[in-house]
Amino acid sequence: MREERPADPAPALAPAPLPASAPAARRAPLALVPPRAAPAAGIAARELWLAAHFARLPLEALLPQTSPARAAAVIDAGDPRRAVVCCNERAARQGIVPGMALAGALARVPGLRVEERQPAAEAALLDRLARWALQFTPMVSLEPPATVLAEVRGSLDLFGGAMALCRRGLSSLSGSGLGASLAIAPTPRAALWLARAGLGLTVTRTDALPGLAARLPLACLQWPAETVAALAELGIRNLAELLRLPRAGFAARFGPQRLDELDAGLGRRPEPRRRHLVPERFDERLALSCEAVTAAALQPALERLLANLEAFLRARACGISGMRLDLLHRARVPTRLRLALARAASDAGPLRELLRERLARCPLPASVTGLRLRSAALLPQAPRAASLLERGRSADLEATARLLDRLRARLGRQAVFGVRPVAEHRPERAWRIVEPGGGTAILWPASAPPRPLWMLAEPQPFADWDGVQISGPERIETGWWDGHDVRRDYYVAWTRAGVRLWIFRERPPGDGWFLHGVFG
Amino acid sequence: MTDPLAALLGPRLWRGGGATPGPAAVSTGFRRLDERLPGGGWPRAALTEILVPEAGVGEIRLLLPALRTLAAERPEAPRWIAWLAPPHLPYAPALAAAGLDSSRMLVVRPQAGFDRLWVMEQALGSGACAAVLGWAETAGDTAMRRLVLAAEEGQAPGFLFRPLCHRDEPSPAALRLLLRAHDDGLDIEILKCRGGMPARVDRLPVH
C-alpha cells in the first residue's frame with residue numbers, strides 16, 4: 001500500500017493539467033471534469049473515507065470455514081444463466097471468473113462446489129463488518145452488497161495516520177479469512193471506487209483524484225452491464241476516458257444520476273451518507289458467588305438479571321422478541337440457551353417462565369460459575385392499553401402467544417406448527433407447514449372433489465382388501481414440468497370397520513395400491 | 001321433548017334428568033345428537049372423551065360443524081383450534097373445504113414418549129384455544145382430572161380421543177361417547193353425560 005501525501009509532487013497524481021492545444025481547450029469546458037472546481041493544492045480534505053470492500057462476501061457469508069483446497073463458487077438463483085457471482089482463489093486459479101455461466105464453469109472445473117447466493121446471510125455478515133468498522137469511527141455507512149464505509153478524518157491522529165489505520169484494519173481482518181480491499185479517499189464514492197478496484201491506495205487530497213482515474217476500470221463503478229457495454233462501444237475502458245466525455249451528452253445518454261455519481265466521487269458535489277446504527281441490546285454478566293450445580297441454584301442470580309433486563313426495557317419503552325442465556329463454566333464453552341418469543345415482551349414474567357422450562361430440560365454439563373444474559377435487538381413497543389375493552393383484546397392476543405411460547409420451550413420449535421392450503425393439484429403439495437397463525441385463509445372451492453381430513457406423511461402400500469368397497473376414480477395427472485410428476489387414479493375405499501380411506505394406484509395401472517389419506 | 005313417558009307422567013312427577021340444567025353447550029350440528037345431549041350440544045368448558053375403534057371412523061367429521069361455530073366466535077381476538085398429537089397430519093385443503101380457517105389451526109406433534117396430556121392441559125388452560133382436540137393412548141385418573149379442571153379454567157371445550165379398550169375405566173369427563181362406523185353413518189353410544197342419561201344415536205349420517 002502506498003500513501004499519496006499532499007506534499008508529494010508526483011505528476012501522475014496532480015490534477016489533470018488542461019491541455020494547452022486549442023482544440024482540446026475548446027473541449028475542456030464541456031468535459032465531465034469541470035475545471036473551475038479544482039480546489040487549491042495543499043488543502044487537506046475535510047472528510048476522509050475508509051472503504052472496505054469484500055469482493056468474495058457472497059461466498060464468505062455462506063462458507064465461513066471452507067478449506068481453500070476445494071474450488072467453490074456462488075451463483076445467483078434468480079439469474080437465468082446462473083452466472084458465477086464470485087469464487088474462491090482456487091477456483092479463480094483454475095480459470096473461473098465472475099460472470100461465467102454455471103455450465104461453462106462446471107465444464108472447466110467438474111468438482112466445483114456450487115452454492116446459491118443467500119442475501120440474508122450476506123446482509124448479516126455486512127452488519128458484523130459494520131461493527132468491525134465502528135472501532136475506527138462512530139460514522140459508519142453501509143454500501144450493500146459488499147462494502148463498508150467509515151469516515152475516519154477525526155480518528156487519523158489516534159491511529160497514527162491513514163496508512164497506519166489501513167494496516168491496522170487489514171491486520172484485524174486477517175484472522176477472519178475474509179478477502180478485504182481497503183482504500184482511503186476524500187469522498188465516500190471515490191473510496192468505494194478505489195477499494196473495488198483493489199488498488200489499496202490512501203488518497204488524502206481531493207485534487208489527486210482525477211489523476212488516479214486512469215487506473216480505475218469501469219467495473220469499479222458497478223454500473224449496469226448494458227451501460228458498461230455501451231461505454232465500451234465508445235472505446236471507454238477506464239474512468240479517465242470516461243471523464244473526457246462531454247457532460248451534457250453523457251447526462252442525456254446515460255442519465256443525470258450517473259453524472260451526479262461521478263461528480264460526487266470527485267468531490268464536486270456533496271454526497272450525504274446514511275449512518276449505520278447498531279441496535280442497542282441488553283448484555284449483562286453476573287458471576288455467581290458460589291458455583292451452582294443445579295438449575296434451581298441458578299434461580300436467584302437469574303432473577304437479578306431478569307429484573308435488570310426489565311428495568312432496561314421499561315426505561316426505553318421497548319420489548320424484545322428473543323434472548324440468549326449463557327451458562328458460563330470454569331473451563332468449558334458456555335452452555336447456550338436461546339429463547340424466541342412469539343410476541344415481543346417487555347416484562348420479565350413470560351421470560352422467567354420460559355427460562356424455567358428451558359433450564360428444567362437442559363442438563364448442566366458442569367458446575368456454573370456465572371450467567372450472561374443477552375437480548376435480541378430491541379423493538380419499540382406501544383405502552384399498555386389503558387382502556388378496559390382494549391385490554392381484554394390484548395390479553396387474548398397475549399394468551400395465544402404465551403401458549404405457543406410455552407409449548408415450544410418444552411417441545412422444541414419444530415413440534416408446534418400451523419398448516420396452510422396451497423393451490424396445487426398434487427395432493428402432497430397442496431399444503432404446507434407454516435408458522436402458527438401464518439398464511440392467509442384461501443377460498444377453497446366447495447365443489448372440489450372430496451379430500452381426506454388426515455394425510456399420511458408418505459403414501460403407504462395398501463394390501464388389506466378384505467371387505468373393502470371402492471368408488472372412483474379421480475384422475476390426477478400433473479406436474480411433469482418440475483420432475484415430480486404425478487399420474488394416479490384416486491379412489492375412496494370403505495373398509496369393513498367403516499373407515500373411509502383415500503387410496504390410489506399409479507398409471508398405467510401396476511399392481512401396487514397405496515394409502516394416502518383417511519377421511520377421519 | 002316429546003317423550004311418551006313424559007306425556008303420561010305429566011308435570012306432577014319430578015324427574016332428575018330434566019331438572020338439572022346441563023352445562024352451556026355448543027350445537028353439534030346434528031339435530032338427533034343435540035336432542036340426546038344435555039344443553040343441546042357439546043359441553044363448553046368441559047372435557048368430552050370420545051372412544052373410537054380406530055382412527056378415521058368419522059370422529060373429525062362429527063366435530064366439524066361445532067368446530068366451524070367455535071372458530072367463528074370472537075373474530076376480534078381469534079383463538080386456536082389445537083390438534084395435539086394427532087395420528088396423522090390434518091390436511092389443510094380438506095379443512096379449508098370444510099370451511100375452517102386454516103390459519104387458526106395449531107398442530108402439535110410431540111416426540112414419542114412425551115407427556116401428551118401435559119400439552120393438552122396447557123392448551124385447555126391457556127384460554128387461547130377455541131377448541132382442543134387431543135389424542136392419547138393412556139391417561140391416568142389424576143391426569144384426566146387435571147384436564148377437566150384445565151377445561152373449566154380456560155373455558156375451552158376439550159375433545160380427547162382414546163381407543164375403545166378404555167371403555168370400562170372410570171372417567172371424570174363430562175361426556176363420554178363411543179363411536180362405531182357403518183356404511184350409512186355413525187353409531188354413537190353416549191356412555192356417560194353429566195346432567196343427562198346414557199343413550200344411543202344410530203346411523204348418524206356424517207359427511
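**Figure 1. Loop of chain B that holds Ala45(B).** Ala45(B) lies in the loop between strand 2 (42–43) and strand 3 (47–52) of chain B, where helices (H or I, at least four residues) and strands (E, at least two) are DSSP runs numbered from the N terminus. This is a predicted model, in which local features need pLDDT of at least 70 and side-chain atom pairs count only at pLDDT 80 or more, while totals for chains, interfaces and linings use all residues. Residues are numbered from 1 along each chain as its sequence is written, and chains are lettered from A and ligands numbered from 1 in the order in which they are written. Although Ala45(B) is a residue other than glycine, its phi is positive, near 50°. With 18 other C-beta atoms within 10 Å, Ala45(B) is partly exposed (buried means 20 or more other C-beta atoms within 10 Å of the residue's own, exposed 12 or fewer, and partly exposed in between, with C-beta atoms placed from the backbone).

**Figure 2. Packing of helix 6 against helix 7 in chain B.** Helix 6 (residues 116–125) and helix 7 (residues 141–154) of chain B pack with their axes 7 Å apart and at an angle of about 20° (axes are lines fitted to C-alpha atoms, for helices over the stretch in contact, and angles run from 0 to 180 degrees between N-to-C directions). Helix 6 of chain B is therefore roughly parallel to helix 7 of chain B, given that angles under 35 degrees count as roughly parallel, over 145 as roughly antiparallel, 65 to 115 as roughly perpendicular and the rest as oblique. Helix 6 of chain B contributes Leu117(B), Met120(B), Glu121(B), Leu124(B) and Gly125(B) to the contact, and the residues supplied by helix 7 of chain B include Ala143(B), Arg146(B), Leu147(B) and Ala150(B) (contact requires C-beta atoms, placed from the backbone, within 7 Å of each other). By class, this contact of helix 6 with helix 7 of chain B has seven nonpolar, two polar and three charged residues, with Ala, Val, Leu, Ile, Met, Phe, Trp, Tyr, Cys and Pro counted as nonpolar, Asp, Glu, Lys and Arg as charged, and the others, Gly among them, as polar.

**Figure 3. Interface of chain A with chain B.** Here 44 residues of chain A are in contact with 42 residues of chain B. On the side of chain A that touches chain B, at least two residues each come from helix 16 (388–411), strand 15 (416–421), strand 17 (454–461) and strand 21 (513–518) of chain A. Helix 16 of chain A supplies the largest share of that side, 10 residues. The side of chain A that touches chain B comprises 29 nonpolar, nine polar and six charged residues.

**Figure 4. Crossing of helix 8 and helix 13 in chain A.** The axes of helix 8 and helix 13 of chain A come within 6 Å and cross at roughly 90°, so the two helices are roughly perpendicular to each other. Their contact is formed by Arg189(A), Ala190(A) and Trp193(A) of helix 8 of chain A together with Glu261(A), Ala264(A) and Gly265(A) of helix 13 of chain A. Helix 8 of chain A is mostly covered, with 10 of its 10 residues buried, and Gly198(A), which follows this helix, has a positive phi near 70°. In helix 13 (residues 256–265) of chain A, the buried residues are Leu262(A), Asp263(A) and Gly265(A). These cover an arc of only 160° around the axis, which puts them on the same side of helix 13 of chain A (the arc is that of the directions from the helix axis to the C-beta atoms). The face of helix 13 of chain A turned away from its buried side carries the exposed residues Pro256(A) and Gln257(A).

Figure 5. Apart from neighbours within four places in sequence, Ala133(A) is in contact with Ala52(A), Val140(A), Val148(A) and Ala150(A). A distance of 9.7 Å separates the C-alpha atoms of Ala133(A) and Glu151(A), which are 18 residues apart along the chain.

**Figure 6. Loop geometry at Pro145(A) and Gln222(A).** Pro145(A) is in the loop between strand 6 (140–143) and strand 7 (147–151) of chain A, and the peptide bond from Pro144(A) to Pro145(A) is cis, with omega near 5°. Gln222(A), in the loop between helix 9 (209–212) and helix 10 (225–233) of chain A, has a positive phi of about 55° although it is not a glycine.

How values were computed
Two residues are in contact if their C-beta atoms, placed from the backbone, lie within 7 Å.
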